[in-house]
Amino acid sequence: MINRPATTSGRRRFMGVCGGVTAAVALGELEFINRLPRVSAAEATLDQQSVRFSDDIEPLVRLLEDTPRNRVVEVFADKVRSGTSYREVLTALLLAGVRNVQPRPSVGFKFHAVLVVNSAHLASLASPDQDRWLPIFWALDYFKSSQARDVREGNWTMAAVDEASVPAPHLARQAFIDAMDRWDVDAADVAIAGLARSAGVNEVFELMAHYGCRDFRSIGHKAIFVANSFRTLQCIGWRYSEPVLRSLTYALLNHNGEPNPADSDLTPDAACRVTEELIDGFDDRWNSGNMDPATSLAHLDTLREASPQQAVRETAKLIQSGIHPQSIADALFLSAGEMLMQQPGIISLHSSTTTNAMQYAYRTARDPKTRLRLLLQNAAFIPHFRSSMQSRGKVANKRINELQQMDATATTMAPTKIFETAGQDRSGASQAAMQFLSGGGQAEQMIQTARQLVFLKGNDSHDYKFSSAVLEDFYAVSPDFRNSYLAASTYLLPASGDRDNGLVDRIRSAIG
């Protein structure tokens, strides 16, 4: 991995000083974005030693790399007005991130410039046509802050692949597996380059999903990177996959200066050893059990006290007893939501974003063993998160079951009022959200209000990562538990009174 000279980068913070606004005002404030070309739903869906991209995208990536932070919104607004498409900008964002930001020493921190690209894209997908540029402009600015941090930390740049060592197409898959099992960075780098050139997206995804869930290092960011990178590649095209997969491979092999996990008995790998021991004991009928909400709640209770290894074993027992995997998934989602109530913060947030990523991989993977591995490892990660919360301070004695038992006949607040309340009383806002939803209120009203507030208030990558994950997962949770899951999310979703991020004013100025 070779460095190149640093680019000039402004350090102006991306934060305004405007007061809070309600979602109703927010809708009016965003009208000026109509001056940019609209992004249709169809469009959104679909140095010599450093790695160089194809000629169709390299100039745009270099423009992003070389534009100072205090000019990036204005420069890219001009590009969009002159015909640069949503997909091209999204591609430049992802590729600039993987070339310029190192996923070390942890797959997080500054590397969120890469991890957040798909979250911004998901926010765009779920927005009205006229709002779809907002999260992308935010991500452009956020990349510049991460790029500047990477420069300060050594100015890492992804090197060109060692072409002489790239294995032949018929050898690439096994070479990759062998290298990943040995935790061999150099061998894995050339192997994934060969695999990207010779294999299809589904085959590569299965492998990455396998290795993305094998250890808890970096509090779930490995699994998040697997899901987010493939989801973004689905939009921009597989032809851009090689540098993305090289960055992903490098991230998955991060073990924080520990001994080689292949030769050591380390705590982050313990649950996966249990998972691998159990998988061969399942037959093809493991995915055909019966759904049972009572079992979901019982398993939620188990996960409150279990160790990672116990969580794997208890989850495996339930599946073998004939419980449908969706009931297991419901327990995982509920546990993640409950942690938000107990200690709103960085650890509980990642319990939600990691579960989102692993459940996406579970729903996407084809191989039954890969899917089962993801489900068992997701269960193992929940106790890891709970243990990490204990080390961060007080954990409130709150249970998500309490939301289930609330009186749906009580007077309800409108979503705008709920998010105003969240600024002063998160518990009260959560209860009000549950009453609204239980009383027949439309979840989409809450979801759209939350998205608008993220656009206006989101300052950190976690605002986008978290909101995109939990608002998407409302529909992945069974109907019996959806309302309580969404209500619990109000503990970390933006409040109306939060400070504006300044994005609206910057884009208004750039558009003129």
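Phe137 touches Leu36, Val73, Phe76, Ala77, Leu503 and Ile507 when residues up to four places away in sequence are not counted, contact meaning heavy atoms within 4.5 Å. The model is predicted, with local features needing pLDDT of at least 70 and side-chain atom pairs counting only at pLDDT 80 or more, whereas totals for chains, interfaces and linings use all residues. Residues are numbered from 1 along each chain as its sequence is written, and side-chain values use heavy atoms, with hydrogens and water left out.

Phe137 is, with Phe76, Trp133, Phe176 and Met208, among the residues with the most contacts inside the largest nonpolar core, which has 120 residues. A nonpolar core is a set of buried Ala, Val, Leu, Ile, Met, Phe, Trp, Tyr and Cys residues joined through side-chain atoms within 4.5 Å; buried means under 20% relative accessible area, exposed over 50% and partly exposed in between (1.4 Å probe, protein chains only). Helix H18 supplies the largest share of this core, 10 residues. A second, separate core of 37 residues includes Phe333, Ile447, Leu453 and Tyr491.

Helix H18 comprises the 23 residues 368-390 and reaches 34 Å from its first C-alpha to its last, close to the 33 Å expected at 1.5 Å a residue (1.5 Å times one less than its number of residues). Of the 23 residues of H18, 19 are buried, so the helix is largely enclosed by the rest of the structure. At its start, a side-chain oxygen of Asp367 lies within 3.1 Å of the backbone nitrogen of Lys369. Helices are DSSP runs (H or I, at least four residues), numbered from the N terminus.

Ala160 is located in the loop between helix H7 (134-152) and helix H8 (169-182), and counts as partly exposed at 36% relative accessibility.

Terms used: Helices (H or I, at least four residues) and strands (E, at least two) are DSSP runs, numbered from the N terminus. A polar contact is a pair of N or O atoms within 3.5 Å; within protein, one must be able to donate a hydrogen and the other to accept it, and residues adjacent in sequence count only if both atoms are side-chain atoms.
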